[in-house]
Amino acid sequence: MTMKPDSVVLVVEDEEDSRESLRELLELEGYMVQTAVNGKEALERLDALEPCVMLLDLCMPVMDGWQMLDQLRSDGRLGRFNIVITTSAAYKAPPGHLVFEKPLDLNKLMRAVAAVC
Amino acid sequence: MRQLAGKRFELLNAIRTEYDAGRRGAELKPLMVEGKRTMDEIRALVATLDQEEARVYDLRQDQALSQWRWTMLFFVGGALAFLLIVGALWIQRRDADVQRQRAEDVARARELFSIVLQGVDMGITVQDAAGRLVYANEAAARIIGYGSPEELLTASVTEVMGRFDVLNFDGTPFPLEQMPNRAALEGKASSELPLRFRVRGTREERWSLVRAVPSHDVSGKKVLHVINFFREVTEEIRDNHQRSFLLRAVDELNSSLDYEKTLSAVARLAVPTLADWCAIDLAAGDRTKRVAIAHVDPEKLAFVEALERRYPPDPAGKTGVPQILRTGKHEFIAEIPRELLLAAAVDADHLRLIDELQLCSYIGVPLTVRSKTIGAITFAMAESARRYTEKDLEFAQALADRAALAIDNARLFREAEQARAVATAQRDQTEERFRLMIESVRDYAIFMLDPNGLVATWNIGAQLIKGYRPDEIIGQHFSRFYPDYAARSGDCQRKLEIAARVGRFEDEGWRVRKDGSRFWASVIITPITDAQGRLKGFAKITRDLSERKRNEEALAAEELRRKEAENESQFAQTFIGILGHDLRNPLNAIIMAATLMKKKANGNDTKTIDRVLSSSSRMTNMVAQLLDLTRSRLAGGISVEKKPGDLSALITGIVDELRLAFPGRDIRWENRGQEHGSWDQERLAQVCSNLVGNALQHGDATKAVTVRLLPAGRDSVALSVHSHGHPISSDLLPVIFEPYRRNTANAERSKGLGLGLFITHQIVEAHGGDIDVRSTAEEGTTFTATLPRSLRETVAEEPRLVS
């Protein structure tokens with residue numbers, strides 16, 4: 001378990017239990033973890049945080065994952081960030097993204113995160 | 001003298017009065033013969049005339065009485081005066097002046113007397129005691145058939161009496177010894193006798209009222225003269241005859257519209273009073289048609305018929321019916337000249353036959369209708385040797401005019417009748433056709449209701465739709481076609497009222513057949529009114545919409561199914577949402593929390609946490625399976641997204657994972673197939689794990705599970721998983737890929753939902769492949785999924801991660 005203080009993982013998840021568990025797991029892996037409860041908050045903090053990866057839930061209030069992706073695509077920032085979609089409805093995920101279906105296979109997820117952070 | 005002159009004056013007055021009365025009667029007659037009067041009018045007129053006549057007659061009787069009295073006094077006085085004058089002449093012979101004076105007076109009286117008598121219309125003769133005629137006035141000469149009084153006075157009594165026959169008015173011979181002058185010669189005054197004098201030569205008949213008055217000598221015992229008075233009533237009698245004939249003829253003509261029959265009757269009426277022969281011919285194209293001929297003697301009729309058959313009348317003849325038809329003018333030959341007959345005769349035989357008829361006088365009058373001559377009536381005198389006069393011609397024309405009118409009326413009526421009959425026939429035919437058409441309509445119940453709603457007519461369509469025969473339903477109230485509730489509520493009557501008020505009522509609803517079954521009907525009720533707008537009933541057209549109704553119901557059911565399907569789909573989406581999100585999110589939280597706890601436990605007792613994780617994992621699988629089931633069953637099938645990939649690498653990964661998960665088991669992996677293809681890798685991974693997992697679960701744990709990838713044909717690969725152990729029961733084998741089919745023998749070992757093979761099958765099918773199972777005790781169990789490589793299929797975008 002190595003600390004990676006420079007590497008910020010952004011977890012965008014509205015459900016507190018999942019979000020906080022995931023955060024703790026990632027922190028146990030040594031990542032700096034920042035969380036946002038919806039797409040809007042994530043968008044606002046994305047530039048400042050410069051995360052190495054963003055774990056993005058799709059179904060969220062205020063601004064959901066699809067809307068956030070659309071926004072990033074339209075303002076040209078989509079290519080700047082690594083985005084892993086974590087969703088319980090993988091079949092609804094927009095194409096072209098790495099998708100992890102909930103319940104998350106944590107081993108695989110950690111491998112994917114480790115690959116970029 | 002003065003007294004005498006006064007009496008004379010009174011006599012003249014009386015004669016004038018008489019004369020005037022006669023004229024008045026005569027003035028009234030033309031009214032009667034004037035044509036185109038209705039029978040009633042004519043009858044009324046006749047009644048009036050009869051009254052008038054009766055009055056005139058009474059008057060005449062009275063006058064006659066007083067006249068006779070006066071006349072008697074006058075003549076008695078006259079005779080006395082004559083004797084006195086003669087006496088005075090003798091007495092005053094010596095006084096020449098007086099004598100001369102008196103002679104002048106007598107001469108003047110005689111002259112005056114003679115003038116008066118000659119001017120009187122009444123025939124007056126004077127006979128001496130021996131019966132010799134000593135005086136006759138002109139009227140008397142005419143009545144007896146002489147040209148002048150002188151002629152009459154010079155004729156002998158025998159000659160005079162042989163000149164004519166004396167008959168009663170009814171035509172029976174009158175005995176000469178009963179003549180009034182005979183009684184008068186014996187000093188007895190007679191009453192006025194009606195007598196008919198038929199002149200033997202011409203057979204002309206004259207009717208007179210005859211009276212004779214004796215003139216006595218001074219002693220009053222001896223009859224010196226008899227004065228005969230003949231009041232001629234020939235004209236009146238003839239008028240009377242003709243009038244009554246005309247009345248009878250008109251009666252006859254009006255009695256029937258069969259004018260041929262009535263004309264025959266008229267012709268028969270005419271003989272022998274008005275003619276010996278009467279024939280009526282009608283124009284028939286260029287020819288003539290004899291519709292009636294009459295003679296008193298049937299033998300003569302037969303004779304004429306034979307004559308005319310042998311010598312048909314010449315249509316171009318210069319006289320007779322053809323000529324009348326051509327000219328429209330009457331013919332009148334008072335005395336048929338011999339030359340005419342000679343000219344008319346075709347040959348000697350013909351002439352002989354014509355001569356036999358003894359035709360002597362002839363009248364032919366046209367039957368004219370609206371300026372068109374349609375026929376002629378011919379009257380002829382023959383053996384009776386009577387001669388026609390202008391008067392007869394007038395009468396004949398009057399009769400012909402009436403007959404023509406009757407014929408015209410009858411013809412017009414016949415034409416109208418025929419036209420009406422034709423129109424009726426046509427209307428009947430039209431109505432009949434229409435009725436037949438209505439009756440034969442099968443698809444609609446078309447029937448009539450009377451104004452009270454009782455069934456009046458019933459067609460085949462009505463019978464077919466409603467089930468009643470006409471005799472069962474006609475006269476019944478139409479409410480019986482309605483279900484009870486409608487019939488009871490007076491709904492039916494309201495419908496009629498609306499129809500009558502608005503002119504139409506349209507409705508759809510349930511109706512009841514005779515057998516009680518219901519049908520959905522479209523009904524139109526239209527009121528039927530007569531020309532005066534009175535309600536005669538209603539036409540009701542009922543259409544059985546059951547078929548349509550059924551179709552509509554089918555459509556509705558289809559719609560319902562569609563909605564249900566939509567709902568189902570909605571439900572599926574909701575359910576998928578629940579499974580995919582709402583269940584998996586907390587499951588995710590549980591698993592992460594448990595994983596976190598396990599990591600934090602740092603190798604210490606993690607048994608409890610493992611159980612949480614294991615159960616959570618099973619639950620994850622179940623949720624995934626339910627999701628797949630829902631998709632395949634409710635949401636249009638499991639979708640696969642094919643991407644080019646290496647199937648062997650995929651299987652290798654899975655086998656590796658399973659080897660890790662089941663370290664005690666022997667899992668062999670033989671790759672001999674073409675690994676490159678287009679697959680939904682995740683789904684095929686699912687297939688592989690399911691099949692191997694199944695084999696590990698149900699197969700003999702001591703024996704190896706073998707996974708093979710083999711080529712199958714050019715473009716397919718076969719993925720097979722083999723295991724040893726108990727074979728799948730033959731009951732289960734055919735249905736093993738259906739959901740919830742478990743191997744009951746191993747039920748207690750099953751920890752899944754029984755959906756694994758079903759989902760596997762679905763995924764393989766979604767790839768266009770097939771799955772098969774062979775299971776025997778000797779060979780063990782082998783599941784083989786054949787999958788097309790689908791190399792030409794479009795390549796989806798690869799997911800990528802920014803490095």
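A: Begin with a loop in chain B: Pro272(B) sits between α9 (259-270) and β7 (277-284) of that chain. Keep in mind that this is a predicted model.

Q: What kind of peptide bond joins Val271(B) and Pro272(B)?

A: Start from the general idea: most peptide bonds are trans, and most residues other than glycine have a negative phi. Here the bond joining Val271(B) and Pro272(B) is cis, with omega about 0°.

Q: What phi does Glu50(A) have?

A: Glu50(A) is not a glycine, yet its phi is positive, about 45°. This residue is found in the loop between α2 (39-49) and β3 (53-56) of chain A.

Q: How is a pair of packed helices read?

A: Two packed helices are described by the angle between their axes and the distance between the axes. In chain B, take helix α22 (residues 681-698) and helix α23 (residues 756-766): their axes come within 9 Å and cross at roughly 145°. The crossing of α22(B) past α23(B) is left-handed.

Q: Which residues of α22(B) and α23(B) meet?

A: From α22(B) they include Leu684(B), Val687(B) and Leu691(B), and from α23(B) they include Leu757(B), Ile759(B) and Ile763(B). The residues of this contact between α22(B) and α23(B) divide into 7 nonpolar, 5 polar and 1 charged.

Q: What area is buried between chain B and chain A?

A: The size of an interface is often given as the accessible area lost when the parts come together. Between chain B and chain A about 2300 Å² is buried, and carbon and sulfur atoms give 60% of that area. Chain A puts 28 residues into the contact and chain B puts in 25 residues.

Q: How many salt bridges and polar contacts are found across the interface of chain B and chain A?

A: The interface has 3 salt bridges. There are also 5 residue pairs in polar contact across it, both residues at pLDDT 80 or more. A salt bridge joins the side chains of Glu101(A) and Arg584(B), at 2.8 Å from N to O.

Q: Which element gives the most to the side of chain B that touches chain A?

A: On that side, α19 (546-601) and α20 (607-634) of chain B each supply at least two residues. The most comes from α19(B), with 16 residues. The residues of the side of chain B that touches chain A divide into 11 nonpolar, 7 polar and 7 charged.

Note on methods
Residues numbered from 1 in each chain as written. Chains lettered and ligands numbered in written order. Predicted model: local features only at pLDDT ≥ 70, side-chain atom pairs only at ≥ 80, totals over all residues. Heavy atoms only, no water. Contact = heavy atoms within 4.5 Å. Buried area = accessible area lost by both parts, 1.4 Å probe. Salt bridge = Lys/Arg side-chain N within 4 Å of Asp/Glu carboxyl O. Polar contact = N/O pair within 3.5 Å; in protein donor to acceptor, adjacent residues only side chain to side chain. Helix = DSSP H or I, 4+ residues; strand = E, 2+ residues; numbered from the N terminus. Nonpolar A, V, L, I, M, F, W, Y, C, P; charged D, E, K, R; others polar. Axes fitted to C-alpha atoms, helices over the stretch in contact; angles between N-to-C directions. Left-handed = near helix turned anticlockwise from the far one by under 90°.
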